[in-house]
Amino acid sequence: MARCDEIARVYETVEHWLAADNLGTFGHMVLRAEQVLRTNPALLAEQQRNARFLLIDEFQDANFAQIELVQLLAGPAANIFAVGDPDQAIYRFRGASNAAFEEFSRRFPQARGVVLEDNQRSRSPILKCAFALIQNNPPAQCRVETEEFLRTPLQSAREQRGLTLVAEPVEMAVCEGTHAEADAGEAAFIAEAIQTLRRRHPVPPARKPRFGVLYRAHWHRDLLLQELAKLDIPFSVIGVDVMQTGPVRDLLACLRAMANPADVEAIFRVAALPRFSLDGESVREALQARTSSMETILQRILGGEVVLSTVRQARAAAAGVSMNAIPALDIALAQFGFDRQLPVLAALRKFVGEEWSKRPAAIVGDASLASLLDYLDWYAEAGGCIALPDAAEEDDLERVRLMTVHAAKGLEF
């Protein structure tokens with residue numbers, strides 16, 4: 001109860017802050033739209049005329065407030081077409097659930113239910129495998145009119161149309177051993193399987209298979225990249241957030257050290273750059289016995305003074321351009337010896353020069369280096385991504401595409 005009381009007080013305080021500046025969150029947008037339409041009959045009638053037909057996708061993600069908004073907009077005509085899948089109702093933590101379908105049926109009793117049983121992309125082995133897995137979940141509850149829809153295996157529309165496609169079985173590999181051994185075995189298995197298939201289909205190029213490797217998160221790919229490189233298999237990583245890569249983190253540490261001499265974490269990462277060749281063991285021992293500032297510690301370590309002088313020179317050069325973010329970024333790239341042609345660094349430089357610099361001052365602040373660093377911190381925390389462009393051409397069948405399952409949604413190989 002004490003925790004609930006604390007959360008309630010925080011919520012109330014934030015609501016007052018937002019109201020004072022006439023601001024709102026995404027949730028407020030839905031709630032206030034519903035409130036305005038409910039209290040303004042003329043506006044409601046106008047919006048109903050503008051939205052005579054409503055199409056709602058991913059209906060399983062709809063929460064109570066959104067359904068209220070839909071009913072207001074639909075009005076007496078209720079021309080609504082809603083599409084959803086109870087097995088994809090994964091947003092219960094923000095108010096969505098399978099109950100959305102029952103609520104829809106209650107509010108729109110004349111609605112007719114249609115089951116989409118044909119899958120347009122996959123063939124039977126994949127569909128059967130997927131069904132065998134999803135059947136381990138609790139039954140999907142979805143009722144429209146008087147009919148309750150039960151989970152049933154999907155049918156391959158391609159096979160029903162008589163397309164001559166080889167429906168090869170799904171293959172599962174079990175990699176045993178410790179976590180590290182299993183991960184290494186998995187990466188080697190995937191790379192070797194791709195190599196085998198490439199050799200099996202060498203010509204003609206137009207009939208070569210295309211390969212995609214999907215994973216939960218980008219850090220899962222690291223061992224696989226090593227294995228693909230060993231076999232000289234070209235690849236392209238799609239959807240990488242450059243802010244999560246080592247070179248960009250190194251560059252941002254240099255910028256933070258330039259902006260704030262007291263940023264110990266930034267100075268530490270700068271000192272670890274390979275170009276300074278500091279002895280790692282000496283640094284660790286000095287830090288364990290730390291009795292003074294980071295600057296004093298580096299002064300006592302062989303090569304440490306070079307780190308400090310490089311940071312001072314970069315900071316002085318940035319001060320010469322009034323700590324303006326874009327020239328300061330270029331100074332850091334040059335002063336700390338970064339390769340400007342590295343794709344991830346080029347993507348960050350392009351983002352700063354073409355996107356961040358053109359956004360309203362109310363969002364990004366001024367053009368200073370400090371404002372840029374603050375913005376990038378908040379941008380990452382809010383889920384922003386500076387994506388690495390895909391260098392592979394669409395018709396480059398040799399290149400293996402690697403991406404997260406999320407990024408693969410809607411794509412085909």
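**A covered strand**

Analyst: Both faces of strand β9 are covered, with Val400, Leu402 and Thr404 buried on one side and Arg401 and Met403 buried on the other. Buried here means under 20% relative accessible area, exposed means over 50%, and partly exposed is in between, using a 1.4 Å probe and protein chains only. Strand β9 spans residues 400-404, and five of its five residues are buried. Strands are DSSP runs of E with at least two residues, helices are runs of H or I with at least four, and both are numbered from the N terminus.

The model is predicted: local features need pLDDT of at least 70, side-chain atom pairs count only at pLDDT 80 or more, and totals for chains, interfaces and linings use all residues. Residues are numbered from 1 along each chain as its sequence is written, and side-chain values use heavy atoms, with hydrogens and water left out.

Strand β9 has pairing partners, where two strands pair if DSSP finds at least two bridges between them. One is β7 (residues 212-215), which runs parallel to β9 over four bridges; within this pairing, Tyr215 stands opposite Thr404. Another is β8 (residues 235-237), also paired with β9 in the parallel sense, over three bridges. There, Phe235 has Val400 as its bridge partner.

Arg401 belongs to β9 and is buried because its relative accessible area is 2%. The side chain of Arg401 reaches the backbone oxygen of Arg399 at 3.3 Å. This falls under the polar contact rule: a pair of N or O atoms within 3.5 Å, where within protein one must be able to donate a hydrogen and the other to accept it, and residues adjacent in sequence count only if both atoms are side-chain atoms.

Turning to the cysteines, a disulfide is taken as a pair of cysteine sulfur atoms within 2.5 Å, and the count comes to zero. Cys129 is in no disulfide, as the nearest cysteine sulfur, that of Cys175, is 16 Å away. Cys129 counts as partly exposed because its relative accessibility is 33%; Cys385, at 36%, is partly exposed as well.

As for helix packing, α15 (residues 325-335) and α16 (residues 343-354) pack at an angle of about 165°, with axes 10 Å apart. The two are therefore roughly antiparallel, a label for angles over 145 degrees, with under 35 roughly parallel, 65 to 115 roughly perpendicular and the rest oblique. Axes are lines fitted to C-alpha atoms, for helices over the stretch in contact, and angles run from 0 to 180 degrees between N-to-C directions.
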